[in-house]
Amino acid sequence: TMNMKIKFIIPALAFALAIVSCNPDRLDIPQKGRITTDTFYQNDEDAEAAMVAAYQGFLWNVCTKEGGDIYAPYRAAFNLCGDDMYAAGESFGDNDYMAALNEFRYDSGSGVIRNAYNNLYYAMYYSNLVIDHFKDGDTPVQKRVTAEARVLRAWMHMMLAIGWGTPPLVDHVLQSKDNPYNCNTSPDNPMSHDELLLWCAKECEDAVADLDERKDKSDKDGAVKVTKGFAWAVAGKARLFAKDYAGAKKDLFEVIKSNKYDLVPGDRYWENFHLEGDCNEEKIFEANIELNSNISVFWDIVNRSTWMEANIWGWRSDHFVAGADPCSAYTSIEGWGGCGVPQSFADEFVANDGPDSYRIKATIVPIEDAIYNTVYGNDKIDGLTLEQKMASKDLGINIKGLYGQSFYLPLKQLARKTDLSAVGQNVRVNNFVIMRYAEVLLMYAEACVQSGDAASALPYIQKIQTRAGSKTVSSAVTMDVVKREKKLEMWLEGCRWPDMVRWGDTKAVESAGQAVPVLYDKFTRMPDPKDEGLTWHKDGRFYTVLTHKAIDRGDKVGFVAGKHEVFPFPVTVTSVNDNITQNPKW
């Protein structure tokens, strides 16, 4: 209900600032109710309104703004390079701006990288407006909103550091003449990559005293605003990435001991990624989209990534046999099939969890389940026995096949019917998750192991495994256990690729792009003698073959050490700001 959500309302200031880009002659008319920066930032009411604009700026730029291309740039940038997904689609060349990252054939002109980088700084502008005007405020409200803005700004700097290594530290509103330096070459206050991360941690730690605390595990408003819990979580993550394991352990335990968060029960695990789980006990911070009256359907959703995400991550429904589309059992929209599950990831998942864990059933689905166990609403098909379905040409995959897919389809990211603004409408309105409690527990467990206290990690790893319904419940914790659990638990949540880089576990992606599977059905396409890497499914009907179209056309693919650990600074930035030093080999 509305009183359980924070409604973000952009203050009149945002409009006043936006119109300055119009023809200035059109401003030479009397304006009623005009608000200027000199008259706006005055009191507690203004402070609250400015912070609401900062939340809206965060939502619009980080979570929903697509920036001219068809993806959510933040999620795309921090997921696509991992070893746990394929950038799939209609066929090779479809969604190529995403596949280029997945196969490491992108450059400094990548639209994904450009928009992810730019949008973090665009969102940061709104936080800096609050901080610049209220950092000396002496009322509780002004101190609180400043603290909230500092934590948002710290989170954005942390993600920029993780993605780009030494991005500029922007701790105030820049003027048009300002050309910031990389943080490590700043003439005023140079910081290394790790020092920038530690700066992020300290910003959050210093802000905690002025922040509200989530009231309890059922406090939904406390999940869509910056609280003490989120501040400690960001501080802990920043310290973990800076290899300050003792500091990370201390900060992350503050979240745990607050008793304001918990893992949802296993039978509700799936809710975390859908509307039913908005603001639940596991959410430490998520951006509010549902029931946000300040978001227009076209400009803020349809024209941006909540629409694009519902499309691009969805199953390619037109590649199933006509009249037997399994997508209908899960969602009411057609997708572009842009996310594929590597067989190696699925095999590791099944070996660890077993085939029937809560976690695996909410994350991926075997092709045989999708084809044979779907209720199609077609009596001719639904009335068949399993054996009859396995022998029927009235259901299955059509001749086009499923490019970038193995014997498992992705389920976690699929927009369910309840996630959509209306049945059949490609507008996803469930909230955008930034941090959930499971990630905190996994980071805390890692900090314990890395600091020589593996015993303290055990109950939290077991908590994750037990909730997952996994057949694997560890009796001891090593880094291998932590890595595996985080890989499975946090799939497609922007963790895997940054973790691979900081752990030095990039071997698997050195061959990225060399072998992309296509899933076929022998009833519509029999294997060709020229097919490479032919692998049959256990039921003898479905099979995969391997392709390498990028290599065939002469592209260089695969992770290159010393280069791909960080993204390039966008050419649109380096071409106009000589103070930015491009990352090595770019």
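Predicted model: local features only at pLDDT ≥ 70, side-chain atom pairs only at ≥ 80, totals over all residues.
**Entry 1. The chain as a whole**

I began with the overall counts. The chain holds 23 helices and eight strands. It has 586 residues, and 58% of them count as buried. I then looked at contacts between residues at least 6 apart in sequence. Of these, 73% join residues at least 24 apart.

**Entry 2. H13 against H20**

I went to helix H13, residues 343–353, and helix H20, residues 479–489. Two numbers describe such a pair: the angle between the axes and the distance between them. Here the axes come within 11 Å and cross at roughly 110°. That angle makes H13 roughly perpendicular to H20. The crossing of H13 over H20 is left-handed.

Which residues make this contact? From H13 I listed Phe 345, Glu 348, Phe 349, Asn 352 and Asp 353. From H20 I listed Arg 484, Glu 485, Lys 487 and Leu 488. Sorted by class, the contact has five charged residues, three nonpolar and one polar.

Next I checked burial along H13. Phe 345, Ala 346, Phe 349, Asn 352 and Asp 353 are its buried residues. Why do they sit on the same side of H13? They cover an arc of only 135° around the axis, so they share one side of the helix. The general rule I kept in mind is that an α-helix has 3.6 residues a turn, so residues three or four places apart point the same way.

The face turned away from that buried side carries Ser 344 and Ala 351, both exposed. I also asked what covers the buried residues of H13. The cover includes helix H14 (358–363), strand S2 (364–366), strand S4 (408–410), helix H19 (454–468) and H20. Gly 354 follows H13 and has a positive phi, near 85°.

**Entry 3. H19 against H20**

H19 passes H20 in a left-handed crossing.

On the H19 side I noted Ile 461, Ile 464, Gln 465 and Arg 467. They meet Val 481, Val 482, Glu 485 and Glu 489 of H20. The classes here are four nonpolar, three charged and one polar.

**Entry 4. H21**

How many of the eight residues of helix H21 (residues 496–503) are buried? Seven are, so the rest of the structure largely encloses this helix. The buried ones are Arg 496, Trp 497, Pro 498, Asp 499, Met 500, Arg 502 and Trp 503. Their cover includes helix H4 (73–79), helix H7 (140–164), helix H9 (228–241), helix H18 (437–450) and H20. Just after H21 comes Gly 504, with a positive phi of about 75°.

**Entry 5. The loop between H10 and S1**

I moved to the loop between helix H10 (245–257) and strand S1 (283–287), where Tyr 261 lies. Is Tyr 261 buried or exposed? Its relative accessible area is 4%, so Tyr 261 is buried. I set aside its neighbours within four places in sequence and listed its contacts. They are Arg 214, Lys 217, Thr 227, Gly 229, Phe 230, Val 255, Glu 281, Lys 283, Ile 284 and Tyr 437. Gly 229 is 32 residues from Tyr 261 in sequence, yet the C-alpha atoms are 8.7 Å apart.

Asn 259 is in this loop between H10 and S1 too. Its phi is positive, near 60°, and it is a residue other than glycine.

Last, I checked Lys 202, found in helix H8 (residues 193–207). At a relative accessible area of 45%, Lys 202 is partly exposed. Ala 154 is 48 residues away in sequence, and the C-alpha to C-alpha distance to Lys 202 is 8.9 Å.

How values were computed:
Residues numbered from 1 in each chain as written. Heavy atoms only, no water. Axes fitted to C-alpha atoms, helices over the stretch in contact; angles between N-to-C directions. Helix = DSSP H or I, 4+ residues; strand = E, 2+ residues; numbered from the N terminus. Parallel < 35°, antiparallel > 145°, perpendicular 65-115°, else oblique. Left-handed = near helix turned anticlockwise from the far one by under 90°. Contact = heavy atoms within 4.5 Å. Nonpolar A, V, L, I, M, F, W, Y, C, P; charged D, E, K, R; others polar. Buried < 20%, exposed > 50% of the residue type's maximum accessible area, 1.4 Å probe, protein only. Arc of directions from axis to C-beta.
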